[in-house]
Amino acid sequence: QVTPYYNKASQRGLVKHFTAIANSVKIPIILYNVPSRTGCNISIDTYKELAKVPNIVATKEASGNLSLAAEIAAYTDLDIYSGNDDQVMPILSLGGKGVISVLSNVAPKLTHNIAQLCLDNNCAEAAKLAAQSLELANALFIDVNPIPVKEALNMMEIDAGPCRLPLYEMEDAKKEK
C-alpha cells in the first residue's frame, strides 16, 4: 500500500489512512515508502504506530534512507524489504527479509543470488554480484520506471507490451544502452 501521491498527507493522516485500509481487509499489508515518486515519506514514529495494526506486516522501504531502515528494524516488528536494487545488501544487513525489485524482472536469478548470499552471511560474494549488477540496474532507470524494464523484457522476447500513456516508448539512443 503506497503512500498517497499529490496530496501530501500528514503523518497523522498516514496513520489514519493505512489503518482504515487495514481495517477494511483481512489480508496482510506491505507498506510502500517511496517519497521520490509520491512526495510523501513515512516517518519512524508513523511506522511505530502502523506496526501496531495486526495485518500491517511489512514495508517496502525505498526512501533511500538507511538510517530510517535501521530504525524500523530496531523499533518495530515489521518485515523490511529493500525497494531499491542498489540497497539490497545494506537493508538485509539491518535485518531485512528481501527485495521487491525492478532488476529481478530481467535478472531474477542474479537478484535472488545477491539476496540469498546476504541472508547466508556470505557478504563478500554478494558484494561481487551486487557490483556486477549495478550497470544493468542503473540502465533500468535511464528513463521513467517502468519504461526501461518493459523495453528490456520485450527485447528479451518476453511480451511485456507497450507502456500506456502518459508513459511512452524509449528513444532509440536509450534503447541502445
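On a 1 Å grid over the protein atoms alone, a pocket is an open set of points with protein on both sides within 12 Å along at least five of seven lines, while a cavity is a set where a 1.4 Å probe fits but cannot get out; lining residues have an atom within 4 Å of a point. Grid points are joined across faces, edges and corners, and a volume is the space filled by probe spheres set on the points. The model here is predicted, so local features need pLDDT of at least 70 and side-chain atom pairs pLDDT 80 or more, whereas totals for chains, interfaces and linings use all residues. Numbering starts from 1 along each chain as its sequence is written, and side-chain values use heavy atoms, with hydrogens and water left out.

Open spaces come first. The second largest pocket holds about 190 Å³ of space. Its lining consists of 15 residues, and L136, A139, L140, A152 and K177 sit nearest the centre. Two or more lining residues each come from α7, α8 (147–155) and α9 (172–176), where helices (H or I, at least four residues) are DSSP runs numbered from the N terminus. Helix α8 supplies the largest share, four residues. Sorted by class, this lining has 10 nonpolar, no polar and five charged residues; Ala, Val, Leu, Ile, Met, Phe, Trp, Tyr, Cys and Pro count as nonpolar, Asp, Glu, Lys and Arg as charged, and the others, Gly among them, as polar.

As for the largest pocket, its space comes to about 280 Å³. It is lined by 17 residues, with G83, N84, D85, V102 and F141 closest to the centre. The elements giving two or more residues to this lining are α2 (35–38) and α7 (123–139).

One cavity of 30 Å³ or more turns up in the structure, and the largest cavity has a volume of about 30 Å³. Around the largest cavity are D85, V88, L103, T111, I114 and S133, which divide into three nonpolar, two polar and one charged.

Next, the packing of α6 and α7. Helix α6 (residues 108–119) packs against α7 at an angle of about 155 degrees, the axes being 8 Å apart; axes are lines fitted to C-alpha atoms over the stretch in contact, and angles run from 0 to 180 degrees between N-to-C directions. The pair is therefore roughly antiparallel, a label for angles over 145 degrees. The crossing of α6 with α7 is left-handed, that is, the near helix is turned anticlockwise from the far one by less than a right angle. Contact (heavy atoms within 4.5 Å) brings L110, N113, I114, L117 and C118 of α6 up against C123, E125, A126, L129, A130 and S133 of α7. Eight of these contact residues are nonpolar, two polar and one charged.

Within α7, L129 touches L110, N113, I114 and L117, once neighbours within four places in sequence are set aside.

Some backbone details remain. Most residues other than glycine have a negative phi, and most peptide bonds are trans. N121, in the loop between α6 and α7, has a positive phi near 60 degrees and is not a glycine. The N145 to P146 peptide bond is cis, with omega near 15 degrees, and P146 belongs to the loop between α7 and α8. Another cis bond joins L165 and P166, with omega about 15 degrees; P166 is in the loop between α8 and α9.

Terms used:
Parallel < 35°, antiparallel > 145°, perpendicular 65-115°, else oblique.
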